[in-house]
Amino acid sequence: MKFTAFFVVTFLHYALSSESTYYTDIANSIRDGNEAALSALLDHLPQDETLHSLQSSEFCFTLTPLQYAAKTNPKTIHLLLDRGADPLLAHKETKTTALMFASRSGEQEATSILIDAIKKSNGSLDQTDSLGSTALTITSLTCNYKIASLLLENGASPTHKDDAGNTALHVAG
């Protein structure tokens, strides 16, 4: 009974909040891995708003919801993907993808989920950011061998050169 009352009160809070608070609530539910709250929020987006428009607006810290989830808490990634979030969508300015955020943050679960989503959409694990870096190149900067191995096992290229001419091996060394 307490859980039901909490959920109803939480839902009413979300439904009655202003747009600015609403987007903060979406960001908080992603950060906290609260799938129930995120699902309720996505079910009741403000008029003329869709998950696609949230992706286009870069609602939170200039990130898309999927990029923010990849960076902060992987628990909501499946929900966002099931609702149509694009795993290949890159940041407007830096061209950084959700996979790049996950791998740089050391989020092994998020990286694995996003690799699967990218492969299902026939995308490339070697998508580049504005500096020509791939998820593997970015991971090499952090020396996270588990994430690097995961990317390599799934087909990321160790010989890709970024705009400065460096491969993942150059960056790691």
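A polar contact here is a pair of N or O atoms within 3.5 Å; within protein, one must be able to donate a hydrogen and the other to accept it, and residues adjacent in sequence count only if both atoms are side-chain atoms.

First, the ground rules. This is a predicted model, with local features needing pLDDT of at least 70 and side-chain atom pairs counted only at pLDDT 80 or more, while totals for chains, interfaces and linings use all residues. Residues are numbered from 1 along each chain as its sequence is written, and side-chain values use heavy atoms, leaving out hydrogens and water.

Now to serine 140, which sits in helix α9; helices are DSSP runs of H or I, at least four residues, numbered from the N terminus. Its side chain reaches the backbone oxygen of alanine 168 at 3.3 Å. Serine 140 has a relative accessible area of 8%, so it is buried (under 20% relative accessible area, 1.4 Å probe, protein chains only). Setting aside neighbours within four places in sequence, serine 140 is in contact with Ala168, Val171 and Ala172, where contact means heavy atoms within 4.5 Å.

How do α9 and α10 meet? The axes of α9 (residues 135-142) and α10 (residues 145-153) come within 9 Å and cross at roughly 160 degrees. The two helices are therefore roughly antiparallel, a term for angles over 145 degrees. On the α9 side, the contact is made by Ala135, Leu136 and Thr139, and on the α10 side by Ile147, Ala148, Leu151 and Leu152.

Last stop: proline 65, in helix α5 (residues 65-72). At 1% relative accessibility, proline 65 also counts as buried. Thanks, all!

Technical notes
Axes fitted to C-alpha atoms, helices over the stretch in contact; angles between N-to-C directions. Parallel < 35°, antiparallel > 145°, perpendicular 65-115°, else oblique. Buried < 20%, exposed > 50% of the residue type's maximum accessible area, 1.4 Å probe, protein only.
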